[in-house]
Structure formats: C-alpha cells, structure tokens
Amino acid sequence: MNSKHQIHLPVDGGVTHEPALVVFSGGQDSTTCLFWAKKHFSKVYALSFVYGQKHAHEVEMAEEIAHEAGVHFDKMDVSFISSLAHNSLTDSSIVMDQVKPADGPPNTFVPGRNLFFLSIAAVYAREHSIRHIVTGVSQTDFSGYPDCRDAFIRSLNVTINLAMEEQFVIHTPLMWIDKCETWALADELGVLDLVRHRTLTCYNGVPGDGCGHCPACKLRREGLEQYLAIKNNSTKD
C-alpha cells in the first residue's frame, strides 16, 4: 500500500492525547477517516451535515456507525447550501453527469460544500476545545471537484486559523491515495467489511455496493476490485 497517507499522521505517527473532529458523511472515505482518527487521537467526535442531498440516508448510517464506534455524533442542517446553486445531488430535475465534462466540474459538484463544511466544523471544534479536524477529501480521486484539492485545504486551513486566532490542523489522510489504497487502508484498520457493506457512497442513495452506475459507485467499485485482486494475489503468494 502507498505510504503517502503517513504524511498526515499526528506527530511521531502515534496516538496523540488530543481529540479530533471528523467531518463524517457515512460514506467510504469519511468512514475510513473516522477509524483512522480513532487510531491516532485520544477522543473522536463526528459531525455530519444535512444539506438537501438526495442521498440523505447517508447521515442516518453515519450516526449508526459513530454510535457503534463509541464516537460522539452531531449533525447540522445546512440546507441553505442547496438553494445557492443548482446541481444534480440536490436537484432531482437535473440529470446526473456520468463522466466529467471537459470544460469544468461535473454537475454533481456542490459549490461551496467543503468550504462551508470545514468552516462550520472549525467553529464546532473551537467550542469543544478541538484543534484537529479530519476530512476525507482526495486529490488523487477528486472527481473534478476543486474543493477536494490539497491547495484548497491548505489555503482554507490558513484562513480559518486567521479568522479565529486558533491553530487548527486539517488532516487529510486520503489526499494522496486512490480508491484502491483507501480500501487497503480500511482493511489495515480492520473495517473493510463495515465500509463495504454499511456505508453509503452512492449518489442515488443505495447503501453498500450502491446502484453500480453513478460516478461515485463506479469509482468505489473499480477501487475495490483492484484492491481485492491485489489482496488475493498476495494471499496466493
């Protein structure tokens, strides 16, 4: 497995005695990050957002996972996001892009979503005396979403710190790994089956392996197939 995710581990790569807040959707990436945070921080909080998404069942699943993992869970209604711009994740009348257009992000992109989520998470973290914030964004498998890029996260981290006179650290364990490596990380953390069967990544709201044809499901399935092939080959050896 690619070791680049180690770049974003706490100091010395071990458990820090500080708490962390995970921006937690209940999907593959954020669930993997939740258990990554449990491994590296003394206490973990999870914060989910309801923003008018068609696949809002993900938040219910996130709450179930958090409770079973012994993680404090909160959710916030930020439905105003869906009224700011039109996109296929919040507007059922828009046919979802199956591939990324050549001239910009796909229409599954929700403008400002990670900007709002992380800014709100920082305020929440400040009120709970938390300075570590964990998010599952990835530049490797970013689907054309500009707010999943490393440059954005680093810039926002600086801006949030300036805005609140704090020293938050935004951790992105998946930033430089692809979906295959994300599955490997879930397996390494002992939650491969949980992530595979009890998370919701599908844009059409189908848990587990999903609908199979939306962009999120395709990316997830391709990564899983790649990882299982590698795992099976290593077992034979």
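**Salt bridges and overall build**

Lys-39 pairs up with Glu-188 in a salt bridge, with 3.9 Å between the closest N and O atoms; the term covers a side-chain nitrogen of Lys or Arg within 4 Å of a carboxyl oxygen of Asp or Glu. Lys-39 sits in helix α1 (residues 28-40) and Glu-188 in helix α6 (residues 179-188), so the bridge ties together parts 149 residues apart in sequence. Helices (H or I, at least four residues) and strands (E, at least two) are DSSP runs, numbered from the N terminus. This is a predicted model, in which local features need pLDDT of at least 70 and side-chain atom pairs count only at pLDDT 80 or more, while totals for chains, interfaces and linings use all residues. Residues are numbered from 1 along each chain as its sequence is written, and side-chain values use heavy atoms, with hydrogens and water left out.

In all, the structure holds 10 salt bridges. Another one joins Asp-150 to Arg-154, at 2.6 Å between the closest N and O atoms. Both residues belong to helix α5 (residues 150-164), 4 residues or about one turn apart. Asp-150 is buried at 11% relative accessibility, whereas Arg-154 is exposed at 52% (buried means under 20% relative accessible area, exposed over 50%, partly exposed in between; 1.4 Å probe, protein chains only).

Lys-231 bridges to Asp-187, with the closest N and O atoms 2.8 Å apart.
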